[in-house]
Amino acid sequence: IIRKIRIILILLHDIFFIKLQNFSKNINVDAIFQVHPNTQDRKFLSHKKITENFKKSAFIKGNSTIEVNHKKYNYRRLSPSKLHHYIKHVWIFFSFRGSYSNLVFFDRMLILRDWINMFFLNQIFDRFQPVFFYSNYESNTALQIQTILKNHQCVSVASTFSAGYFPVEFEFSHQLKWADVFLVWGEYLSKRYLASNDKSGQHVISGYAGDFFMDEFRNYADKNYSFDKPVIAIYDSTYADDLFLTRKESIDFVSSVANYSIIRGAQVIVKTKKGGDLYDNLCEKYPTQIYLDDRPASFAASMNANLVIGYLSSTPCLIAKSYGINTVLYDPYGFIWDGGKGHLSEDIITNKEKLFYCIDSSITGDIGSVKGLKGVDPFSDGRFTQRACQYLQNLLAYSDLNKEEKIAYANKQYVDEYGDRYIIKNNF
């Protein structure tokens with residue numbers, strides 16, 4: 001009961017606390033962004049190198065705000081003359097209640113909040129008429145905007161830092177978007193997203209979205225991870241009791257691999273996604289032979305590694321192999337997508353015996369040369385930012401054209417530079 005009362009109070013606030021005032025007519029923008037916060041703990045998820053190229057822009061932030069010229073405005077506002085449109089919008093939600101009648105109360109209220117938010121987001125794009133919206137942020141707001149822009153001339157463009165693991169229809173926004181243009185890493189992920197029923201109009205193959213930081217990762221590794229013995233890098237993964245990996249299994253996996261590697265004479269770096277306290281016992285046992293790296297989205301652990309090990313087709317492992325680093329994808333239950341095994345088959349290991357053999361081979365140097373994984377990232381050159389910026393600049397170049405014409409022009413410039421195989425239409 002208390003939870004329901006709290007939800008109702010939040011909804012009442014969302015519905016009725018609205019600023020009856022328009023945005024200033026002096027505010028004009030060409031582009032609107034929603035990107036990861038440019039904070040120290042999210043440094044390697046930043047796309048500041050893209051956004052700083054577009055001076056006449058705005059940023060969708062949390063708490064229903066939009067930032068323009070470093071000033072934040074609450075976007076839950078409208079002119080009194082449009083109040084009846086808002087009331088009609090809320091009423092429409094209740095008019096199709098048969099579509100959500102099977103949902104529990106909490107889920108219905110979440111949908112109502114999103115429905116209300118979409119009204120005000122739509123007001124933003126009606127008011128500012130930007131040429132494009134770009135997001136690399138996996139959020140409900142980004143998906144709502146992409147959906148709204150199906151009825152606007154503004155081009156929605158998206159990218160993602162995360163590869164995901166296998167096709168999942170309606171999986172939370174890593175591999176399923178509603179963008180007009182989805183900047184994807186390479187052919188492998190394009191196929192996976194299409195198999196997930198991605199609703200984007202087209203994919204533009206442009207490389208890993210975070211590759212701007214690869215040189216920084218190398219410099220960090222040279223400074224902190226240079227040892228006089230072989231290096232094994234282990235990446236843990238997302239876990240949950242209803243996922244493919246539980247917390248206990250994750251700890252056991254990392255511990256057993258680290259134990260074996262150290263016994264065989266290697267230095268171990270554990271890149272943890274969930275915090276280093278998971279491995280306190282391991283670190284106490286091997287205080288000088290294990291390094292923990294808990295910096296979000298950092299791949300520095302891979303840079304000087306003789307072998308990179310991860311669970312399934314995890315993002316860090318795919319990136320490491322794309323850059324020619326020896327990699328193992330540990331898949332004991334056969335969860336790696338069958339449609340992607342043509343790209344990944346050489347690196348998939350299904351049991352500990354084979355995994356330990358790979359560790360031994362990497363320590364002794366019996367592995368030969370490693371080819372980059374071009375199906376994941378055909379570029380692997382650290383220039384995603386330049387390709388993305390150029391594509392967005394080309395959308396701006398003919399801003400007076402309609403949406404389809406702007407996209408066609410940007411596509412032509414991209415094809416002239418990189419070839420037509422890098423534009424993949426989605427005929428869903």
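In the predicted model, Ile-116 is placed in helix 4 and counts as buried, because its relative accessibility is 0%, below the 20% under which a residue is classed as buried. Beyond its neighbours within four places in sequence, Ile-116 is in contact with Asp-14, Ile-15, Arg-76, Tyr-86, His-89 and Val-90. One of these residues, Tyr-86, is 30 residues away from Ile-116 along the chain, and the C-alpha atoms of the two are separated by 8.6 Å.

Ile-116 also takes part in the packing of helix 4 against helix 1. Helix 1, which spans residues 2–16, packs on helix 4 at an angle of about 10 degrees, the axes being 10 Å apart; the two helices are therefore roughly parallel to each other, an angle under 35 degrees being counted in this way. The crossing of helix 1 and helix 4 is left-handed. On the side of helix 1 the contact is formed by Arg-3, Lys-4, Ile-7, Ile-8, Ile-10, Leu-11, Asp-14 and Ile-15, and on the side of helix 4 by Phe-105, Phe-106, Met-109, Leu-112, Arg-113 and Ile-116. By class, these residues of the contact of helix 1 with helix 4 comprise 10 nonpolar and four charged residues, with no polar ones.

A further contact of helix 4 (residues 105–128) is with helix 5 (residues 140–148), where the axes come within 10 Å and cross at roughly 60 degrees, which makes helix 4 oblique to helix 5. In this case the crossing is right-handed. Helix 4 contributes Asp-114, Asn-117, Met-118, Leu-121, Asn-122 and Phe-125 to the contact, while helix 5 contributes Asn-140, Thr-141, Gln-144, Ile-145, Thr-147 and Ile-148. The contact of helix 4 with helix 5 is made up of five nonpolar, six polar and one charged residues.

Nine strands form an open sheet with mixed pairing, in the order 4-3-2-1-5-6-7-8-15. Strand 4 (71–74) and strand 15 (423–425) are the edge strands, and each of them pairs on one side only. From one strand to the next, the twist averages 25 degrees. Within this sheet, strand 2 (residues 57–61) and strand 3 (residues 65–68) run antiparallel and are joined by four bridges; Ala-58 has Val-68 in strand 3 as its bridge partner. Helix 5 packs on the sheet and touches strand 1 (31–34), strand 2, strand 5 (132–135) and strand 6, its direction making about 150 degrees with that of strand 5. Helix 14 (residues 384–397) likewise packs on the sheet, where it touches strand 5, strand 6, strand 7 (181–184) and strand 8 (202–205), and its direction makes about 160 degrees with that of strand 5.

The loop between helix 5 and strand 6 (155–159) contains Lys-150, which is partly exposed, with a relative accessible area of 36%. When neighbours within four places in sequence are left aside, the contacts of Lys-150 are with Trp-178, Ala-179, Asp-180, Lys-199 and Lys-403. Of these, Asp-180 is 30 residues apart from Lys-150 in sequence, and the C-alpha to C-alpha distance between them is 7.9 Å.

A further open sheet consists of six strands in the order 11-10-9-12-13-14, with parallel pairing. Strand 11 (290–293) and strand 14 (348–349) stand at its edges with a single partner strand each, so that one side of each is left without a neighbour in the sheet. Strand 9 (residues 231–235) pairs with strand 12 (residues 307–311) in the parallel sense over four bridges; Tyr-235 stands opposite Gly-310. Helix 8 (residues 247–263) packs on this sheet, touching strand 9, strand 10 (267–271), strand 11, strand 12 and strand 13 (327–330), and its direction makes about 180 degrees with that of strand 9.

Methods:
Residues are numbered from 1 along each chain as its sequence is written. This is a predicted model: local features need pLDDT of at least 70, side-chain atom pairs count only at pLDDT 80 or more; totals for chains, interfaces and linings use all residues. Side-chain values use heavy atoms; hydrogens and water are left out. Axes are lines fitted to C-alpha atoms, for helices over the stretch in contact, and angles run from 0 to 180 degrees between N-to-C directions. Angles under 35 degrees count as roughly parallel, over 145 as roughly antiparallel, 65 to 115 as roughly perpendicular and the rest as oblique. A crossing is left-handed if the near helix is turned anticlockwise from the far one by less than a right angle, and right-handed if clockwise. Contact means heavy atoms within 4.5 Å. Ala, Val, Leu, Ile, Met, Phe, Trp, Tyr, Cys and Pro count as nonpolar, Asp, Glu, Lys and Arg as charged, and the others, Gly among them, as polar. Two strands pair if DSSP finds at least two bridges between them. Buried means under 20% relative accessible area, exposed over 50%, partly exposed in between (1.4 Å probe, protein chains only).
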